[in-house]
Structures are given as structure tokens and as C-alpha cells.
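Welcome! Take a look at the structure, then try each task before reading on.

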Amino acid sequence: MSEPTPTLLYLVPTPIGNLEDITLRAIRILGEVDTVLAEDTRTSGRLLQHLGLKKPMLSYHLHNEHQQVQRLLDRLEKGETMALVSDAGTPGISDPGFLLVRECLARGLKVECLPGATAFVPALLKSGFGAERFTFEGFLPVKKGRQTRLKELAQEHRTMIFYESPHRIVKTLEQLAEVLGPDRPASVSRELTKLFEETVTAPLAELAANFAARAAIKGEIVLVVQGREKEERIKQHRYANDDRDE
């Protein structure tokens with residue numbers, strides 16, 4: 001009977017804020033691998049220190065992944081085991097990871113992804129818009145293609161989930177209100193799992209005014225917007241109730 005193919009690359013989710021949100025399996029894997037690939041070695045170094053682990057780390061981020069992939073593949077093919085982590089959450093979701101995973105699979109190198117923390121799931125559930133059908137859009141294009149993408153989303157029937165930075169959230173809310181309508185229900189979650197966690201749910205125009213009035217906005221942000229179909233269904237249900245009252 002042949003030996004099972006060993007896993008050489010692990011995708012390991014890390015806490016998005018609260019350090020208690022790391023799994024026992026993630027701690028074990030981080031302790032067993034030969035090397036940890038980190039988006040920011042300082043951030044991941046603090047996590048490893050908190051867990052009482054000492055591991056060699058390599059920098060692997062958006063600006064060097066194309067240069068690093070071949071070197072990493074060479075090491076993996078020699079049997080070295082690695083864990084890929086991002087600064088927070090699951091690597092590969094709006095963070096580097098896809099390229100390395102694709103090339104590993106193309107070469108027959110076994111990859112495992114551990115379940116764990118990711119920011120959009122709690123934000124989606126806290127929005128109250130329902131999670132039976134949704135689309136994860138990540139970050140909208142900053143410049144080129146932004147308006148085209150917004151217009152495409154105007155026809156989207158599923159709940160939409162976006163990641164956004166604090167300095168762009170007001171502009172994004174204003175643009176979505178213009179394209180989708182000022183009354184479209186939406187929810188903004190920030191600082192998830194942290195001490196000052198906040199979720200604000202209101203029509204897009206109200207959210208834009210709320211955050212524009214703030215002196216400062218801090219923390220990574222998840223924006224959840226109700227889809228068109230749900231909005232229409234709510235209106236139809238409201239009209240039906242009005243008819244019965246007559």
C-alpha cells in the first residue's frame with residue numbers, strides 16, 4: 001500500500017482581531033511546518049510569539065509574490081513544508097495566495113487549506129440580509145473599471161459583500177447610493193472581533209452621511225449591500241399588505 005501524499009503547503013487562517021479566534025489545528029500546523037510565509041513578518045512574528053512558537057519566516061506579499069514563487073516551488077519540491085498566513089483572516093481572500101496555490105497544484109504538490117477566521121462571514125450574518133445567496137466582490141477597482149463594475153452590480157440580485165479601506169468608505173457608499181439608489185439597505189462592519197467592534201445598518205445614503213460626519217474612521221471595513229431582488233420582494237410584500245388593509 002502506497003504512502004499518502006504529504007501536504008507541503010498549508011493555508012492557515014489567522015485571527016482578524018481577537019487572538020482567541022485561532023484554531024487548535026492552526027497552532028499545531030504552525031508549530032510543525034519548516035517555514036512560515038508571512039504577508040508582514042512583523043505582524044505574524046507577534047502572533048507566533050503570542051503562541052509560543054519560533055519559526056523561520058519568509059516575506060510573501062502582493063509586491064513580491066511573482067518573484068518568490070519559483071524559489072518557493074523549488075524548496076517545496078525538495079520536501080520542505082510551509083504555512084502561508086496573511087496579516088489577518090484566510091490567505092488568498094483579497095490577499096496573496098492564489099498564484100502559489102495554482103503553481104503548486106500544477107506541479108502535483110499537495111495543498112491543504114484550514115478552516116478559520118475570515119472577516120466577511122460575520123459581517124454578512126450581522127447584516128441580517130440573509131446568507132442563502134451572496135456574492136463576494138472584495139475590493140472594488142480604485143480607478144479603471146470602477147464605474148463599469150458599479151453599473152454591473154446594479155443588476156445583482158444576491159447580497160453583495162465588499163472589503164473597503166477607511167479612507168475610501170465614504171466615497172464608495174456615495175457611489176453605491178447613486179448607482180443602486182439612496183434607499184438600498186446596507187451594513188458597514190468595522191473592527192470585527194475587536195474591543196470597539198461596530199456594525200451600522202441603514203440605507204446607503206444614510207450610511208454615507210453617517211461616516212462622512214465622523215472626524216476619523218479606523219479599522220478594516222466590510223460593507224454588505226442587499227441585492228436588488230430582495231429589495232423588490234420587500235416592496236411587493238409591503239404593497240400586498242397595503243391592499244389587504246383597504
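**Exercise 1.** Find which helix gives the largest share of the lining of the largest pocket, and work out where this pocket lies relative to the two domains.

*Solution.* Start with the helix: H2 supplies four residues, the largest share of the lining. Helices (H or I, at least four residues) and strands (E, at least two) are DSSP runs, numbered from the N terminus. This is a predicted model, where local features need pLDDT of at least 70 and side-chain atom pairs count only at pLDDT 80 or more, while totals for chains, interfaces and linings use all residues. Residues are numbered from 1 along each chain as its sequence is written, and side-chain values use heavy atoms, with hydrogens and water left out.

Next, the space: the largest pocket holds about 680 Å³. Of its 30 lining residues, Ile16, Asp87, Ala88, Gly89 and Glu220 are the closest to the centre. Helix H2 (41-51), E7 and strand E10 (221-225) are the elements that give two or more residues to this lining. On a 1 Å grid over the protein atoms alone, a pocket is an open set of points with protein on both sides within 12 Å along at least five of seven lines, a cavity is a set where a 1.4 Å probe fits but cannot get out, and lining residues have an atom within 4 Å of a point.

Finally, the domains: domain 1 (9-113) and domain 2 (119-225) both contribute lining residues, so the pocket lies between them.

**Exercise 2.** Is alanine 88 buried, partly exposed or exposed?

*Solution.* First locate alanine 88, in the loop between strand E4 (82-85) and helix H4 (98-106). Its relative accessibility is 34%, so alanine 88 counts as partly exposed (buried is under 20% relative accessible area, exposed over 50%, partly exposed in between, with a 1.4 Å probe and protein chains only).

**Exercise 3.** Find which residues line the largest cavity.

*Solution.* The structure has one cavity of 30 Å³ or more, and the largest cavity contains about 40 Å³ of space. Its lining consists of Pro13, Asp21, Ile22, Thr23, Ala26, Leu114, Pro115, Gly116 and Ala117.

**Exercise 4.** In which sense do strands E6 and E7 pair?

*Solution.* Strand E6 (residues 134-138) and strand E7 (residues 159-164) are parallel, with four bridges (strands pair if DSSP finds at least two bridges between them). Threonine 135, for instance, has methionine 160 in E7 as its bridge partner.

Key
Grid points are joined across faces, edges and corners, and a volume is the space filled by probe spheres set on the points. Domain bounds come from an automatic or database domain assignment.
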